[in-house]
Structures are given as C-alpha cells and as structure tokens.
Amino acid sequence: MKPVSRRGFLEASLFAGASGVIASRLAFANAPTDSRFVFVLLRGALDGLSAVPAVGDPDYAALRGQIALAKSGSDAALPLDGTFALHPALTFLHSSYAAKELAVLHAVASPYRERSHFDGQNVLENGGVVPHGMATGWINRAISSLPAASASGVALGANVPLAMRGPAEVASWSPTRIAALDDDTLARITDLYAADPLLSRRLAEALESDAIANDAQAAANAEVDADMAEDSGANVVERDANQRRNAGRRYTETARAAVGFLKREDGPRVAMFDTSGWDTHANEGGAQGQLAVRLRGLDAALAALKESLGPTWRKTVVLVATEFGRTAAINGTRGTDHGTGAAAFLLGGAVAGGRVLADWPGLARAALYEGRDVRPTRDLRSVMKGVLRDHLGVSPSALESKVFPESAAARATDGLIRS
Amino acid sequence: MTATQNSIAAAIAANRFGLGARPGELALAAKDPESWLAKQIKGSPPVLGGDGLRPTSEILKQALELRRDLVEARREKKEGGDPTKSLAAAALKLPAVYRPVYLDEVYARFSHAVATDRPFLERITQFWTNHFAVSIDKIAVLGIAGAMEREAIRPNVTGSFTRLLMAVEKHPAMLLYLDNQTSIGPNSRAARLLARRARSSGRKVDINENLAREILELHTLGVDGGYTQADVTTFAQAISGWSIGGEDQGRRFARLGLDSGKAGEFFFREVFHEPGAKRLLGKSYGDDGVKQGEAILGDLAQRPETARHISTKLARHFIADAPPKESVERLTHAWLESRGNLARVYEALIESPEAWREPLAKFKTPVDYIHSSYRALAIPLREKRRALQPFEALGQRNLMPGSPAGWPDTSADWDGSSALLKRIAWADAVAQRMGDQRNARELAPEILGATLSESTAKAIARAESGTQAMTMLMASPEFMRR
C-alpha cells in the first residue's frame, strides 16, 4: 500500500478500499436537528447548598455552620433572588443568569432514593427507575429515536459513559499521540479486526473522531498534547500535588475539545463529559477551599464552552447535573455526607433562563427528607424530557416509551427552551 | 482432555486467571492447568521486596514529624483550635514526603507483577486491592496506599475473609481515605469537652459516616444487602474512635489523662467513641469499646449477603462480565461452607466448569494490557518514573481508581474507541522499541496458545517488518482480551 495521509487513508477506506470495513460511523449529513445538547455529569454528588446556597432560608446559616456562605461582605454569595444565590466562584454562571441564559434548578432528584454514588449515577445515566435496570443510557436512546437516526453523539473521554451507551453510534474521544502510527499499519489492523464486530466498530469510530478532531482542533490539540507530554513525562507524580488546581484546566480543555465536534455542520449534535471529585465529606470549605476550587474550574470550563462555540451557542443547551445532593447540615469533619435533593443547571443560548426553578421545600427540620437532606420536589427527568422534546425534537411518545420508561408521573417541564 | 483442549485451558489459566503468559508458561500450565493454578495459592503469599519499602507507621511518623513545628506554631497562635485539624493540615505538606514513597511502592508491585511465577495469586491480590480501593488522588493516602496492600491485603489473601476485612478497615490508609480518623460520637467525651467551643465557632462535633457506608455497600453486604440509613449511622457510631495514633491528635485531650497511641498506627481513640449499646441489622452489640465495631465487622464478614456480593464480583472478574449463575452459586456455597476461607473459594473458582468454557471472555483493562505485554515480551523496566508512564497514557494510574468503588470490571467500561486507539498507539511504540529483539512469529503461539487465530497468525507472518509484526500481535483481538 502506498503511503497516504491519515485523512487520505480515511477517505480511501470510506469510499473504496481497506476492505471496506470502515464505514462512516459518524456520518451526520442528514442530522434532523441543528440544536446542540451537552450533558455535564458531576460524579461524587455536588453539594447543592454550597453551589446554590439558600442564603435567604432562615435555617440555612445554622445548618451549614462553618461552611455557610455569607449574604454580604467580601466573600459573599452572588445573589439570584430573595432566597437563592450562587457560590462566589461561579462568576460566569452568575453573568449568564443576568443574561437570561441560565436556569438554576434546586431540590431536584432522579428517582433514586438511596445514597450510593454508584447506584445513583447508574440511575441518573440509565434513565430508568432502578440501578442496573437498563444497560443503555437515556441520551443514547434519545439520539436513536430521532427521525432518520442520523444524529450522533460524542463522549469526551477514553471510554463511553453509560448515559451515552446504546444502539446509536457514539464515539469517544480524548487526545492520543498517534503520530507514530503509520497508515499502512492502521490499515492492516483494520483488516485484522474485520471478523471482530466490537473492535472493528471501535477502531472506525476512533479514526473518524481523530480525523474530525485533527481537522477542527489542530491548534487546541497541540496545546493538549504539549500538556500531556509534560504531564506524562517526569511529572507523572508531581501532578498529584497540582491535581485539584489542574482539574479545572482539564475541564476547560475537554470543553474546548467538545466544541471541535459540535461546531461542525455535519458533526455530532450531542456531547457528554463527566468530572469527578465532588464527594466532599471532609474540609469542604466555604467561599474558599476544596469545593470552591472545583467550582471555579467548572465555571471556567462552561465559559470556555460558550466562548468557543461562538454563534453556535445560540442553539445550545447544557445540562449540568449530579447523582444526588448532600446532607443539609455540616457533619463532624466540616464536610457533608450523601443526601438527596440536589441542584442542577440549565445553561445556553437556547435556554429560557434568568430564573430559579425550585419548588423550595425549606430547610426547617420537619421539611428535610428523612430529617437530613433537602427534600426533592422535582424529578430531574421532567427537565430532561422538556429539553429533549423542545430542543432536540424528540417525540413525546419516544420519550415515554423508549427514553424514560416508567416516567409518566414526571411530566416534561414546559418552557425551558427560548421560543 | 485432548491436546487442543488442554492448550485452550492452559491459555485460560495463564491469560485470564493469571496476568498474561510469559514465554514458557503455557507449557508449564498445559500439563494440568487446574493444579498449576491451585499450587499458586498454597503456602504463604510472597512478601514484596524493593528498595525503600517501609511500614505505614514509619511513613506517617515521618510525615507527622515534619509537620510538628508548623502545627505547634499554629496551635500556639490560636489558643484552643480544632482537634481534627492536624492530619488534614499536614496533608497539605505531605506530597514532598509521599511522592518518592508512592513511586517506590508502585514500582515494586509493577516489577512483581511482571516477574512473578504465581500470577494467579497476584491477580487475586489485585482483585482485593481494587475491592478495598483507596485512591491516591486523595493526597493523605498517596504515601501509604501501597503499604496498605503490603500490610493488610497481601498477608491475608489466602486466609479468612474476616481477618482480611479487619486488617483493611483498621489500616490508617483506609481510615484516612474514608475520613474515619476524626469521626467523633456526638455523646463522646471529646464531644462534651468541645461542646462549648463548638457552639461559639458554629462548628459541630459529630460522626462522619463515609467509612461505615462504604464498608456496608462496597466491602461487605453490597448495595442490595438489606441495610438502612439507620444501620449506616449506627455503624458509624460504633466505629467512631477508630483512628490513628500520634500525639499530634492526642495532645488536645491531654487533660483527659489519656495516651494517644503509637504514632501512625491504628489507635482506638476512646474519647471520640460514641458510648452505648448499638443495634444493627437486628442484632444488639454491647457497649464494648473497640470490640463493639470489631464484633459488627466479624458478623458482616459472615453474612450470606457478603458471600454472594463478593462471589459475584469474583466470578465477574475471573469468568465473564455477566457472571454465570452456577459459578456464583458455587462460590457462595464454598464461602459459606468454609466460613469465608478464601483459599477454599478460589478452589471453587478453579473447579467451576464455566470458567474453562469461553476463552477470551474478558476485555483487558489497561493494567491487564500493560502487565501482559511486559510479561509476554519480557520488556525491561525503565527507571521508576518512566516505567509508570504507560499506566497514565492508557488511562489507569496505579492505585488511583478515583473512587472507593474501585475500577470497573466490564468490557463496556474499557473498550471506548479512544481507549482502543491509545492502546494500539502504545503497542506500536513498544514494538518500535522491542520489535527487533523479539520474534513475534515465535512469540504468538507461545503466549496465546490455542487461542491464536489464523487471521492473527497470518497478519503477523505477512507484516513488513519485525516491528510491525509485533504491533499486529499486541493489537490482535486475542491479545486485547483475556
């Protein structure tokens, strides 16, 4: 085989050669929607009462003790309305609220009512009512129910998280330095995988994603590669020390990579990435500290998403959610334990924002769920259904039967999307 | 058994039960694959050698000593203060002490995994380290996560589960990882002493339920094991006071006239302990100090839910992503009948016919992939820092699963398209380095045995260079799986 460029190899294999194994797995030509949807999953249970403190609730300050955020002063929380504010690290989100591009959700929960992270994430991702009840995810089922089934998704990470697994083609992408792999070797491996459905599909997806990323992201990639080279060299362990600080920077890189896919006219319409480190059992901090650093990183990543999307931001909705909330009261180690009702964010140019959507149960002891957690008053699936229906155009019948089975009681929330 | 069957069984023994065949290993296993495995779990587990491996207490003591002056200064400055501060604050300065220790530890276990002739035992050890996961993204355990494996896990992997469980839950790394060392019972002596101060500072003295919850959910009963939130809270109270010795923490309570244990070792800090009898899962436990929590742990270890939970995980790890029911039954039965004699459980695993039916049933994790590559090609280990690069590049850093649930264990968790491409790229880089020193054509049947497919053999034979042949072998579908 004569040497061809990576791009050339792809095209050759798409249209003619290389045993025809590589089909266009991420073909988006007839995408039925021009809208973009991004799901950001915060693994570990974000403390909703720190991210969106109910500073106007009479019980807030006493419950939160040392980690309570102040209503006024230099480190004050950023006000939203009479009851709620945003953590002072969330400056971009606060300006988005003012620009009516952010709807803040509070006291929300998936149907899951226990307190295991892993089962909680499983339910949030599978879109059902019990852990491990389904092996596919709600986002994938939503994509595959769109007319022509030609929309697709991309997961930013080495592997595809449960929410994105299922019948629709979803690629995963994260930076790889494969400059050394020559096209002849790749073509031979493609042949070698011909009889292996999983590996041949994965390799085709990988090469295609890689080509898209190379195309749209050359500059950003160089940056990420340089970081990776630096990270995986002598600094492999030093990085631990900077991990928290760097986590924020990595979220930003991930967000920018997502944009490389979403911006393309013929690219995927749905992207997902997840972040971890939200499980703040001890020394959570208030306006400053462990959680503040993470929130700042998240805020910066979301800002980068908007900035890089440019005009596409108008067509974009970002849902930021977590598996469950944390205890209303601070615990004995200046942190919070696993809880129930949580906060979430709906962000983007297409969001009818500038409001807090919360049927607030209050923080009085009698109002708390099981005497300890924020009582959930809204099913997250209602929000997801509203977004999928009004933004991506998923049909109500598909939402009920396929995407969120057993969700009749959680009716789609109206008016989340700007008309 | 025919020769081919035997050879498939040998490949399963070396590649799925073990860590990947080294040249010559299949021939050893082929004589009697089951007894080749059974022999590996007999006799005491090997002690990990290596430069600079020290006991947890010494590592923690050094960390504490380094911090003493600073902590002292702070304490003087701020009369009174906060008893839970010391270790957490020390954690900020710990990386300098911990980083080289971490490197020594993971290098030692990597070298052992590559060289051991008891690879089944080593896979079992890794299984338990992942079952009782602590993750070094929490700096407090960066220097002692490896020591926990050496001290609490390795010596106990073939003995009784109760002993293993007890050793792990009392290890400082686990106590620190899941925040138990400063969990204080609301009616404990420490809580009463701190009550006035707590009121004025808005600070609350109470238990932290993290460790108790994860013991129930992850380490013993499993999430469907029938416990309630009340059981979690009660259990957390029962193990309040399970802490780490050192005057750093104890001084504050000097006026209570109590000692503060040996620095860096498990210490039952009675002043933190929530007094009183406790009722958990329908059984009462008397007000018996440290023995109360031990009695609960001992009972948890013997519950049938625990046997089933861990048997399921073992079957998933050693047999298939969707573990066959018969295997889970067989393991659970062996567990209950032997009261958690782990060697007996592993024997039941070896005796499970389902384990020998499907070769290549598991997709390798990155760690599996790297270990098996090093073993197959006898790749010389580079110096410590560089030796660990592949784990980061392929997405599974040593002792850093990121959560107490440990690394996931099914194909879908690891077979992402980007993950596959990284693996191929790494294989190619290894082939560039090793391709002219090893003959892929000869190596392929030696390490894959009867699982080597015709198409892979052909791809290797037709490669344009020794390097490319090696890439084909390492990228082959059968080498991606175990």
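Please bear in mind throughout that the structure is a predicted model.

Let me begin with chain A. Its fold contains 13 helices and 11 strands. Of its 419 residues, 59% are buried. If we take the contacts in chain A between residues at least 6 apart in sequence, 75% of them join residues at least 24 apart.

I turn next to the place where the two chains meet. Chain A contributes 52 residues to this contact, and chain B contributes 60 residues. On the side of chain A, five elements each supply at least two residues: helix H5 (117-126), strand E6 (170-173), helix H7 (183-192), helix H8 (197-232) and helix H9 (238-241). Which of these gives the most? That is H8(A), with nine residues. By class, the side of chain A that touches chain B comprises 22 nonpolar, 18 polar and 12 charged residues.

Now to chain B, which is divided into domain 1, residues 56-154, and domain 2, residues 366-480. Where these domains touch, 15 residues of domain 1 are in contact with 18 residues of domain 2. On the domain 1 side, the elements giving two or more residues are helix H5 (85-115), helix H6 (119-131) and helix H7 (145-153) of chain B. H5(B) provides the largest share of that side, seven residues. The domain 1 side has nine nonpolar residues, five polar residues and one charged residue.

Let us look at helix H25 of chain B, residues 466-475. Is this helix largely enclosed or largely open? Eight of its 10 residues are buried, so H25(B) is largely enclosed by the rest of the structure. The buried residues are B:Gln468, B:Ala469, B:Met470, B:Thr471, B:Met472, B:Leu473, B:Met474 and B:Ala475. Their cover includes H7 of chain A, along with H18 (366-377), H22, H23 (440-448), H24 (454-461) and H26 (477-480) of chain B.

One of those covering helices, H22 of chain B, spans residues 417-434 and holds B:Asp428. This aspartate counts as buried because it has 25 C-beta neighbours inside 10 Å, where 20 or more are required. Between the C-alpha atoms of B:Asp428 and B:Val101 the separation is 31 Å, and these residues lie 327 residues apart along the chain.

I shall finish with two helix pairs in chain B. Two packed helices are described by the angle between their axes and the distance between the axes.

From H16(B), B:Arg330, B:Leu331, B:Ala334 and B:Trp335 meet B:Arg344, B:Val345, B:Ala348 and B:Leu349 of H17(B). This contact has six nonpolar residues, no polar residues and two charged residues.

In the second pair, H11 (residues 210-219) and H12 (residues 229-238) of chain B pack at an angle of about 125 degrees, again with axes 8 Å apart. Here the angle makes H11(B) oblique to H12(B). The crossing of H11(B) and H12(B) is right-handed. B:Ala212, B:Arg213 and B:Leu216 of H11(B) make the contact with B:Asp231, B:Val232, B:Phe235 and B:Ala236 of H12(B). By class, that contact has five nonpolar, no polar and two charged residues.

How values were computed: Residues numbered from 1 in each chain as written. Chains lettered and ligands numbered in written order. Predicted model: local features only at pLDDT ≥ 70, side-chain atom pairs only at ≥ 80, totals over all residues. Contact = placed C-beta atoms within 7 Å. Helix = DSSP H or I, 4+ residues; strand = E, 2+ residues; numbered from the N terminus. Nonpolar A, V, L, I, M, F, W, Y, C, P; charged D, E, K, R; others polar. Buried ≥ 20, exposed ≤ 12 C-beta atoms within 10 Å, placed from the backbone. Domains from an automatic or database assignment. Axes fitted to C-alpha atoms, helices over the stretch in contact; angles between N-to-C directions. Parallel < 35°, antiparallel > 145°, perpendicular 65-115°, else oblique. Left-handed = near helix turned anticlockwise from the far one by under 90°.
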